Amino acid sequence: MEITFLGTGVAIPQKGRVQSGVVVRLEEKPLLIDCGSGVLSRFPDAGILHTNIDTVLLSHLHFDHVADLIPLLKANWLRGKTDMRVYGPEGTGDLFSTVNRAYAYILEGVDVDVVELSPGKEFTPEGFDCEISCAAAVHSVPTLAYRVTAEDGEFVYSGDTEPCTDVMDLAIETDLLIHECSFPAGTKVTNHTTPSTLAEMLEDYNREIGSICLTHFYPEMKGHEREAVHRLKNYVKADIILAEDLMRLEL
Ligand SMILES: [Zn+2]
Ligand SMILES: [Zn+2]
């Protein structure tokens, strides 16, 4: 399993980081998780053909996770790829109904199958040889964390969240936890994670998670990345990785 970070940033523009998006290559077929602004332009950089994407998982519907989804549909349509299945939390169906009112000419040309998920749901996306489980993240809108289990490995993608036991429980015995880390340690923030709040939570999960990859960095995190790694290393044995746009991880 190969995981490529297309975007590791947030809603604020910053050099070198576009908004959120991760592509997972499973049995040669790619699965896209989130599709924020800038993610579409990363496909050529990552050497991945956008027309190979026919399945997208959305953690939640904030712009920095969905802004390039309709442009992806349009790009695929222009190249003759018209089928897409989109899995997401409650509200995903409404998002497409709303888009359809404004851009009916796009959605008339493509066949989008929307599947709304809820916490606790387990499923296998059509055409894939993997299992996906969902848990509720703690964010300002309904947000799902996903555990993807395939023959050669398994990982959890937290989405945007405060550190919470539902996401950590989902990550027990996984090879990799991709967890958001929006702000530097000590920042007072709700709905997002800092190295200090994540460290406190991880103390109870030491030795249960293989590696932890931090992503979803606000510009405020710049210059505090190494400090985040050192802080977390005091609490867990896991390797701590800092995500970069176009970084690849193999499981
Ligand atoms: Zn969000
Ligand atoms: Zn976000």
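This is a predicted model: local features need pLDDT of at least 70, side-chain atom pairs count only at pLDDT 80 or more; totals for chains, interfaces and linings use all residues.
A residue counts as buried when its relative accessible area is under 20%. Both H60 and D160 are buried. H216 is buried as well.

Start with the zinc ion (ligand 1). Its protein donors are H60 through NE2, H62 through ND1, H139 through NE2 and D160 through OD. They lie 2.2 to 2.4 Å from the metal. The 4 donor atoms subtend angles of 92 to 167 degrees, so the arrangement is irregular. Along the sequence, the donors follow the pattern H-x1-H-x76-H-x20-D. The pair H60 and D160 links distant parts of the chain, 100 residues apart. H60 sits in the loop between β4 (55-57) and α2 (63-66). D160 sits in the loop between β10 (153-157) and α6 (165-171).

Now move to the zinc ion (ligand 2). D64 (OD), H65 (NE2), D160 (OD) and H216 (NE2) are its protein donors, lying 2.1 Å from it. The angles among these 4 donor atoms run from 94 to 161 degrees, and the site is irregular. The spacing in sequence reads D-H-x94-D-x55-H. D160 bridges the zinc ion (ligand 2) and the zinc ion (ligand 1), and the two ions lie 3.5 Å apart. D160 lies in the loop between β10 and α6, and H216 in the loop between β12 (211-215) and α8 (225-233), so this pair ties together parts 56 residues apart in sequence.

Turn next to charged side chains. Side chains of opposite charge can pair when their charged atoms come close. The structure holds 11 salt bridges.

One of them joins D45 and R42, at 3.4 Å from N to O. Both residues belong to helix α1 (residues 39-46); they are 3 residues apart, which means a separation of about one helical turn. D45 is partly exposed, with a relative accessible area of 47%. R42 is buried, at 14%.

Another salt bridge pairs E126 with R85, at 3.3 Å from N to O. This pair links distant parts of the chain, 41 residues apart. E126 is in the loop between β7 (122-123) and β8 (131-136), while R85 is in strand β5 (residues 83-88). E126 counts as exposed at 55% relative accessibility. R85 counts as buried at 17%.

R147 and E154 also meet in a salt bridge, at 3.0 Å from N to O. R147 is buried, at 13% relative accessibility. E154 is buried too, with a relative accessible area of 18%. Elsewhere, salt bridges that share partners join K29, D54, K81 and D83 into one network.

Conventions: Residues are numbered from 1 along each chain as its sequence is written. Chains are lettered from A and ligands numbered from 1 in the order in which they are written. Side-chain values use heavy atoms; hydrogens and water are left out. Donors are N, O and S atoms within 2.8 Å of the metal (3.2 Å for Na, K and Ca); water is not among the atoms, so sites may look incomplete. Four donors count as tetrahedral if all angles lie between 85 and 135 degrees; four count as square planar and six as octahedral if opposite donors are over 155 degrees apart and all others between 65 and 115; anything else is irregular. Helices (H or I, at least four residues) and strands (E, at least two) are DSSP runs, numbered from the N terminus. Buried means under 20% relative accessible area, exposed over 50%, partly exposed in between (1.4 Å probe, protein chains only). A salt bridge is a side-chain nitrogen of Lys or Arg within 4 Å of a carboxyl oxygen of Asp or Glu.
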